[in-house]
There are 2 protein chains.
Amino acid sequence: MDVADLGLPVDVPSTALFTDHYELTMLKAALAAGTAERRSVFEVFTRRLPEGRRYGVVAGTGRVLDAVENFRFDAGVLGFLRERGIVDEETLRWLAGYRFSGDIWGYPEGEVYFPGSPIMRVEGSFAECVLLETVILSILNHDSAVAAAASRMSSAADGRPLIEMGARRTHELAAVAAARAAYVGGFTTTSDLAAGFRYGIPTVGTSAHAFTLLHDRERDAFRAQVESMGRGTTLLVDTYDVTEAVRVAVEIAGPELGAVRIDSGDLLLVAHRVRQQLDELGATKTKIIVTSDLDEYAIASLRAAPVDAYGVGTQVVTGSGHPTCSMVYKLVARAESADPKAPLVPVAKKSTGGKTSIGGRKWAARRLDEHGVAEAEVIGTGPVPDALVDRQLLVELVKGGQVVAREPLDVVRDRHITARAALPLSATQLSRGEPVLPTEYV
Amino acid sequence: MDVADLGLPVDVPSTALFTDHYELTMLKAALAAGTAERRSVFEVFTRRLPEGRRYGVVAGTGRVLDAVENFRFDAGVLGFLRERGIVDEETLRWLAGYRFSGDIWGYPEGEVYFPGSPIMRVEGSFAECVLLETVILSILNHDSAVAAAASRMSSAADGRPLIEMGARRTHELAAVAAARAAYVGGFTTTSDLAAGFRYGIPTVGTSAHAFTLLHDRERDAFRAQVESMGRGTTLLVDTYDVTEAVRVAVEIAGPELGAVRIDSGDLLLVAHRVRQQLDELGATKTKIIVTSDLDEYAIASLRAAPVDAYGVGTQVVTGSGHPTCSMVYKLVARAESADPKAPLVPVAKKSTGGKTSIGGRKWAARRLDEHGVAEAEVIGTGPVPDALVDRQLLVELVKGGQVVAREPLDVVRDRHITARAALPLSATQLSRGEPVLPTEYV
């Protein structure tokens, strides 16, 4: 893969600098102490879901695989680390040869997760694993936050299409990942051209108020748009007076007008009025798209309204109140020595303060009840009970440094729909509550 | 500037695709209608501050200038637009020659702003300006949200250093911009190496719990770190028992130990106990750094504690509850015809629903009282009153397509400190309230 093809800030030539300073100083100290090569197991998990949420959605896994593959220290990066004195020459030599050679297992992308779920497990030497903490967490914490919000919105939309249009409300590259995560969570399309280009997500769009205001009369703007885009276009009808705009829109485009968009006002009320007016004008097939600061609650409240599609911006790209997950990357086991055959010892932080974790390399399985509905997230460190062997959640993603589980985004999106559908019905209630599955440790 | 030097997602070769689909379809329709060349004025402003906030902070301006300079449609981008049928051949030809040739004025980066402040003004043909909407808003909405949170935190820290360490809680490239914006808002350092590389921000870091857990005993980990990093290092003391860890830390590093880091528990209580213990051990100059889900309120609550520095993660990179601003990019004036000499007509959306705006190209000035304290944000479309001529806020950023106002980040950071200091004292109260300056329209 070409350097220009990564996802990089200016002058950063690989994913290797999406790393916290302390990962390199720990590496330096461990190399000097002879502990860097101890075989280690790190796990990504979250201690809790955002308050009131019923389930989480794993998203970003595919992006993590790209980032791990491109995590290399080239001359520019090494020069920076040397110049700043961040590590010593021995560490720089070690970094120059860095390629992740370990194994990664994880929940497949699109799966749901719960507190304690071992969403990703990274295994290799301490040195090679400790460096991946920040980039893995950045991707999973961001993308999963957006996908969780998107999933709630797509539940609330109950089959009506959802357009992601939040690029302007988040960092320009976070926007591309957000469009991808929203698609995983059930959105249909995006307004973001970069997301269409990079991930093949269908892009849509019509016009803004500026287009109407550019023209001498609203009528001129509508005519220009219909002549350019065809009668199937979506006309924005709330620049001046909605009723007059709808009348002019149908006059110009005829009853074949594709849709009208409403971007302000009391959407429930306005949608009913506009539907009635369109029907009276014979435009019975013209659709109504609404787009004004929608979140999952507003979407749900419009279920009874004659709305055909929702455009969602701010709230989906910012995770609807929870712009990040609280996923952490913790050492859960490591070898007694640098000998590759040394047995693994479970380890865990012990001090008080609510940040303790459970040591040991974990498996996870989702137990179903007699009707096939999920009833518990079961996590353990010992042998997997026979009844759960076929219900295990972790799959192999990277084997000996090689990515083995790339998949198309539509497969991920379908997986999410299936996983969500297997949860108890209360999972899709928007009201605040406990996680819909209990986490059981065995 | 090299293509590899932009801030790009995989396979996106310029900033031109950080654009919403509708900007291109509006362009296509306007080209066909003969209105694309009408001279136009777009303004970036926000109708309100996030609830309870007293002031906003302009950040991202420097990144906007880079993005505008690199906004070009190369063969790869044009091929994508053609293949998807997003625009027609005439529009593709127009895009192939795109270079922004207009003028941009704006509040200088680091300035404070209020509801209605014309933070940025973009002037040129409708066609060249309409395309910049999404990329400009993405950058300003994200960066200003982070800078506003950072500014409140740096007020609350009252001179104690603040370390930005939130990269793991946000998109990996948003993290780089967030570190930059936090620095503008008054942070001292960052943990994010990419931000150090790209923007020269000082990076810091020491060790994680994983480093302690890797070793057979906490004592071994401390010794390894001190041997590698020197006695001036910061030891993390809350993996097992804080009191024992502090004792061992001073035993190993001596009273020259640089600092201890506390990452969990009741920080106020623990900081007092650790300070007392350090002093009793003779380590009177060893500092205490705290880092556990801090926000501006937690920082303020620790003012009376013996804390020497704060590490802040999630809350700064997610804007402390407000991960985006509500900045919009609106057409406020346009020419009556495509004639370059045609007079400008003020335009504004008129429909109800709280989304109206004020037409006309605006100036802005900050009026001071007799003590030199800011007392109002004055905005107008007519001539600037004599008394305010010298207090005008907009500066020229791009002239005829050429960037004319690049500046070092330290200049921006100093400007913010100066601008904040000129606000009434209540600006730095953390409690919810109204904007600290009223916006007056003349």
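In the predicted model, helices α3(B) and α4(B) cross in a right-handed sense. The residues of α3(B) that take part in the contact are L78(B), L81(B) and R82(B), and those of α4(B) are E89(B), L92(B), L95(B) and A96(B). Sorted by class, the contact of α3(B) with α4(B) comprises 5 nonpolar residues, no polar residues and 2 charged residues. Helix α3 of chain B spans residues 75–83 and helix α4 of chain B spans residues 89–96; their axes come within 11 Å and cross at roughly 165°. Angles over 145 degrees count as roughly antiparallel, and α3(B) and α4(B) are therefore roughly antiparallel to each other.

Helix α10 of chain A covers residues 218–229 and helix α11 of chain A covers residues 242–253. The axes of these two helices come within 10 Å, with a crossing angle of roughly 40°. At this angle α10(A) and α11(A) are oblique to each other, and the crossing of α10(A) past α11(A) is right-handed. On the α10(A) side, E218(A), R219(A), F222(A), R223(A) and V226(A) form the contact, meeting A245(A), R247(A), V248(A), A249(A), E251(A), I252(A) and A253(A) of α11(A). The contact of α10(A) with α11(A) contains 7 nonpolar and 5 charged residues, with no polar ones.

The corresponding helices of chain B were also considered. There, helix α10 (residues 218–229) and helix α11 (residues 242–253) have axes that come within 10 Å and cross at roughly 40°. The arrangement of α10(B) and α11(B) is therefore oblique, and their crossing is right-handed. From α10(B), the contact draws on E218(B), R219(B), F222(B), R223(B) and V226(B); from α11(B), on A245(B), R247(B), V248(B), A249(B), E251(B), I252(B) and A253(B). Of the residues in the contact of α10(B) with α11(B), 7 are nonpolar, none is polar and 5 are charged.

An unreviewed UniProt entry lists residues 17–141 of chain A as "domain: Nicotinate phosphoribosyltransferase N-terminal".

Confidence values were as follows. The model has an ipTM of 0.96 and a pTM of 0.97. The average pLDDT of chain A is 94, and 96% of its residues score at least 70. Over residues 1–12 of chain A, however, pLDDT stays under 50. For residues 1–12 of chain A the model has 42 contacts beyond four places in sequence.

Terms used: Residues are numbered from 1 along each chain as its sequence is written. Chains are lettered from A and ligands numbered from 1 in the order in which they are written. This is a predicted model: local features need pLDDT of at least 70, side-chain atom pairs count only at pLDDT 80 or more; totals for chains, interfaces and linings use all residues. Side-chain values use heavy atoms; hydrogens and water are left out. Axes are lines fitted to C-alpha atoms, for helices over the stretch in contact, and angles run from 0 to 180 degrees between N-to-C directions. Helices (H or I, at least four residues) and strands (E, at least two) are DSSP runs, numbered from the N terminus. Angles under 35 degrees count as roughly parallel, over 145 as roughly antiparallel, 65 to 115 as roughly perpendicular and the rest as oblique. A crossing is left-handed if the near helix is turned anticlockwise from the far one by less than a right angle, and right-handed if clockwise. Contact means heavy atoms within 4.5 Å. Ala, Val, Leu, Ile, Met, Phe, Trp, Tyr, Cys and Pro count as nonpolar, Asp, Glu, Lys and Arg as charged, and the others, Gly among them, as polar. pLDDT is the predictor's confidence in each residue, from 0 to 100. UniProt positions are given in the numbering used here, feature names are shortened, and annotations may be inferred rather than shown by experiment.
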